[in-house]
Amino acid sequence: MRNISKIAAARLTGRGGAEFPTAFKWLAVAKAKLEKFDRPAYIICNATEGEPGVFKDKHILRYFPGEVINGIRIALEELGAEKAYIYVQRKDLNTIKKRLTPFIKKLPIRFFAEDGGYLCGEETTLLEQMEGRRPEPRLRPPFPTEHGLHGCPTLVNNVETFYYISQIVKDEYRHTRFYCLSGAIRNPGVFELPIDLTIAEVLKKTKNIPRCKFFLQVGGGAAGEILLPDETNRPLKGAGAIIVYDRAKTKPQELMTRWIEFFFKSNCGKCAPCREGLYRLREELKKAKPDWLMMRAILETMRDASFCALGKSVYTPMLGLLEKV
Amino acid sequence: MSKRFDLIIDGKKVGAEEGETILKVAWLNGIDIPHLCFHPDNTVRANCRMCLVAIKGERALQTACSTLAEDGMEVTTVNPAIKRDRKFNLELIFGEHVEDCPVCVWNSRCDLLKYRKQYNSKMLRFPDRKTKRPIYEFGPIVFDQTKCIDCRNCVDICPTEYLEVEGVGSDIGIAPSMDRKKDCIYCGQCVVHCPAGAIKSQGEYGSQAALENLLKQKDKTVVVQFAPVIRSSIGEEMGLPYGTIATGQLVAGLRKFGFHKVFDTSVAADFTTTEEAGEAVKHIMSGKNLPVFTSCCPSWVRFIEYNYPEYIKNITSVRAPEIILGGLAKTYWAEKEGLDPKNIFMVSVMPCTSKKFEAQRVEMKINGLYPVDMVITTRELARIFLNKKIKIANLEAEAADMPFGDPSGAGVLYGASGGVMESALRTAYFRLTGEDLKDMDLFKEVRGQAGIKRATIKLCQPVKTGRGECVEIKAAAVNGIKNARIILDELKQDPKKYDFVEVMACPSGCAGGGGQSLPVNEQIRKKRIDALYAIDRGKKIRLAHRNPEVIEVYEKYFNTEEKRKNIFHTGFGQKPKTKIISRKRTKADGALHE
């Protein structure tokens, strides 16, 4: 339990975007393992990374494969888990496998490759797909920590989270995170910087202060929040993306169409508001003059009523853009 | 005992039991929280998102169907935000549902229309997006994707996993499986569990015109028979309370429509019982082909034929009552009345979609004729009565026509799971002990709504001694194919576990049949069944073999073994997978057939 205390003391939160306190998750798995002692426990490292503007996991796997494997090893040992899986996109499997295999050695770590996409950032969807069913979210409770893969206690953490677990256990954690910068800037890329920097400071430190009139999308390139320059005086939340848009060159309806197309392709079809709402939003955006009032009503319904975070989160960027830009 | 506690719903203090959902607690307390994808017979999936409620202390709205009630919880079922969400959600759902209300199994009593009124939803805010989707036809079932709201109740209830979700995202659709291991058994549970009326049986809404044409033909004698459970469920769409026994009014209504003769299928059930008890006793005594499986449920027969052909030999060769009555009408009765069997047209009113298929099986033919020419469901008859303004609630009760008009109590039980078994045991008792059963509750273990009911019955001759020549019958009455699989698995382990097994594919037996009126749930099925047992209790003759009509026909007509075999018995065999037709929607799909 020593390592869990360390993780708790470091106040590490999940870096997949949901920012759930990592130590809580680990404790829940440890507890479930005690209650279901006759069942194995599983560790899953989520490396699907499906949202536009988010590309830090690939960066971490490329430059720090040893750290990630070390993080998974710590989880395996700490939680007495039987096996760990690294869930990757099918197209990335060979590259990632080649890089990680030298570090895996005899550890019980396997790869699982599928085209889960964005929705598999949602951990129960990922589990459904790993069990060979349609990739759709499960009802919670029960939570994956107690009833995860094949009904066994399961820990699902993001690549970046495992990277920092390794750092924390080695007492090397300096409260940093990975920022993905892209868009209308000179110096795009992935940067590891302190967690408490404001977004303005991140832009400054990475030599990325835009010259044009701009607005930002932060957290993710589809579901991320829209910020105006005077709203950047606060730290970044969510999945670590900072995307800069040139106001003059960005047509809001086009940008919305891009997001909605992405959500439309990612949606699983399970719940009515998301499945139908995205269809109607997409149809409306095809029109020269969309009915913004009706779109707003659909978005509000989707935010309140959708089954999982995909449908709930469409509201944030869309309303941000409608109201601010 | 599980824990009880109080919570507050809409300002009202209500009691709840640990493990109950908010939706259930609200329902038990008379608070209707809108829901479409929830059905008490199914698992909770929380797909439709109509049952959103606000819980004090929770930031986001929660679905009442999937959230457990907790001690001290404060729930609000309607507020302005919830109202708006339900209104727009319902409008989105209407956008995937082509409204064909005049030809819908819900008969305009569906929840979509109910909630539309409550939440002021515009049915046509969004143009129907699924008009180009396929309509699938397989066996007697018609699945119309242009009406499907993707709630997946049908996928959940389908006993053979034949209905599947295909596609992703907004393109998902429910479709029949192409998998050769799976086939439809025509039970129609998908029909009665669909909140949107997307599924119906073949020929619904065409039957009235066909019958009216037929009645115009001077040379035809159009005979109708009605299944046991019709008498306690036909009232549902006629404004009568659930479980009303309306036998006499039903007969009167059928005559008013114009049928020339009205027979009661329950009388034929008495013949089935008499034959089946005989056959079962023969098998049990000889130990051959045990256990004996009942054959009354065509979906069960089809399930065995397709999935477990090794058990086909175990299915009793005795025909289902409906077919027997058709056979008797076109032989014995035709002779008696001096009619040409070719001019007798037999219509049966069944709580069942599968009977439409059974009536057309070539194995059912007797002397080259189909015993039953047309099968209509409970729903179809209700619709005919409504169209013709035949208000059976206001009609004087009339007796059905003799010689097939007065059943024993046992014959009526066929509409309930365990009823065939109980009827057969009552008669088997006589066969094995030489005495008539006196305690009519002796076999009550096979009654009730449980999915599997097991009983071991010891019968001795003479009864009183409890010694001497005794036979033990290990019996099981099963409803639901999922439960039947359990029994079949048990038999694989221990082939001698049962001697006599009754299986009905639908929950609670025919009372919960796929041809019955909507809605349906456990409470409604119970009321339909309770009425049948009440009829049995009130009957003077409660043993099938004591029905005077049965005795007379056996004495007068069945003087040769060949005649008996010809009318009462048939055979079954392995069948290929049902052909699936996929077609586009036409104008005719939305209109009543003229």
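Visitor: In what order do the four strands of the open sheet of chain B stand?

Guide: This is a predicted model, in which local features need pLDDT of at least 70, side-chain atom pairs count only at pLDDT 80 or more, and totals for chains, interfaces and linings use all residues. Residues are numbered from 1 along each chain as its sequence is written, while chains are lettered from A and ligands numbered from 1 in the order in which they are written. Strands (E, at least two residues) and helices (H or I, at least four) are DSSP runs numbered from the N terminus, and two strands pair if DSSP finds at least two bridges between them. The pairing in this sheet is mixed, and the order is E13-E18-E17-E16 (chain B).

Visitor: Which strands stand at the edges of this sheet, and why is one side of each left without a neighbour?

Guide: An edge strand here has a single partner strand, so one side of it has no neighbour in the sheet. In chain B this applies to strand E13 (292–293) and strand E16 (452–461).

Visitor: In which sense do strands E17 and E18 of chain B pair, and what is the bridge partner of Ala476(B)?

Guide: Strand E17 (residues 469–479) and strand E18 (residues 500–504) of chain B are joined over five bridges in the parallel sense. The partner of Ala476(B) lies in E18(B) and is Val501(B).

Visitor: Is Asp373(B) buried, exposed or partly exposed?

Guide: Asp373(B) is in the loop between helix H11 (354–358) and strand E15 (374–377) of chain B. A residue is buried if 20 or more other C-beta atoms, placed from the backbone, lie within 10 Å of its own, exposed if 12 or fewer, and partly exposed in between. Asp373(B) has 19 C-beta neighbours inside 10 Å, and therefore counts as partly exposed.

Visitor: Which residues does Asp373(B) touch, not counting residues up to four places away in sequence?

Guide: Contact requires that the C-beta atoms of two residues, placed from the backbone, lie within 7 Å. With that exclusion in sequence, Asp373(B) touches Phe345(B), Met346(B) and Val347(B).

Visitor: How many residues of domain 2 of chain B are in contact with domain 3 of chain B?

Guide: Domain bounds come from an automatic or database domain assignment, which for chain B gives domain 2 as 92–203 + 579–590 and domain 3 as 219–568. The C-alpha centres of these two domains are separated by 31 Å. Domain 3 of chain B contributes 24 residues to the contact, and domain 2 of chain B contributes 19 residues.
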